[in-house]
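Here are some exercises to work through with the model open beside you. Try each task before you read its solution.

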Amino acid sequence: MTHSNQAMSNTPYLAVFELDETLIAADSASLWSEHIAEKGLAPENQIAEEHELISAYAKGTMDMDRYMQATLKPIIGMDRRTLTQLVAEFVEEKIKPALYNDAISRIQWHKQRGDKVLVISATGEHLVKPIAKLLGADDAIAINLEQINGIITGRTTGTLSYQQGKVTRMKAWIAEQDIQFKGSYGYSDSINDLPMLDAVDRPFAVNPDPALALHAQMQDWTIMDWRHENNILR
């Protein structure tokens, strides 16, 4: 085998996973709203407002700027250390019981092959990055939060990782790597992620919503359903 062929054989694939309803049997932002309300850090109407806004997500019509403003409101003025501790409790209490066993197995399958695993989500980085770490991902892309002197302002920065924004952020991330990937896999449940799934070589519809399921069938994509009984890690 020539040196160039050997180098090519060692080149990894990139596996990109959406988070909510794909890797976990829930929406992490919704769970977070419930968690901080239980801790007395958010008013009860926060959950109702969040649910109203998230209903537009399924239709692909969510105003992501408005959604982030609403969901970040309770942590405005919080320092990073306090937030990190609060999120650690949240991951332990709310996220671990919602993990799909099949999701963990699929990530491990990619890792055993030497692939790079990237979690990408239209949720704040304060939630996504610790969850991605728990799942064993190599890195995560999420909505960036503005901080001034370590204090959360409630504003976001940069391109929002939502719909086409995920592709923009993913391409920027790939450009920053010292790796020329052999190819890419993509996994999502939502029609909102159609741009991302179209941007990878091997798209998979996981626990797809009706619109994505129909599209996947028409495109002859592989459909995976991890919502079966006893598949949630408890």
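At 70% relative accessibility, D220 counts as exposed, where exposed means over 50% relative accessible area, buried under 20% and partly exposed in between (1.4 Å probe, protein chains only). This is a predicted model, in which local features need pLDDT of at least 70, side-chain atom pairs count only at pLDDT 80 or more, and totals for chains, interfaces and linings use all residues. Residues are numbered from 1 along each chain as its sequence is written, and side-chain values use heavy atoms, with hydrogens and water left out.

**Exercise 1. Describe how helix 2 and helix 7 pack.**

Step 1: Two packed helices are described by the angle between their axes and the distance between the axes. For helix 2 and helix 7 the angle is about 110° and the axes are 10 Å apart. Axes are lines fitted to C-alpha atoms, for helices over the stretch in contact, and angles run from 0 to 180 degrees between N-to-C directions.

Step 2: The two helices are therefore roughly perpendicular, a label for 65 to 115 degrees (under 35 is roughly parallel, over 145 roughly antiparallel, the rest oblique).

Step 3: S28, A29 and W32 of helix 2 meet H126, L127 and I131 of helix 7, contact being heavy atoms within 4.5 Å.

Step 4: By class, the contact residues are four nonpolar, two polar and no charged. Here Ala, Val, Leu, Ile, Met, Phe, Trp, Tyr, Cys and Pro count as nonpolar, Asp, Glu, Lys and Arg as charged, and the others, Gly among them, as polar.

**Exercise 2. Is D193 buried or exposed, and which residues does D193 contact?**

Step 1: D193 is in the loop between strand 5 (184–188) and helix 9 (194–199).

Step 2: With a relative accessible area of 1%, D193 is buried.

Step 3: Setting aside neighbours within four places in sequence, D193 contacts E18, Y57, K166 and S188.

Conventions
Helices (H or I, at least four residues) and strands (E, at least two) are DSSP runs, numbered from the N terminus.
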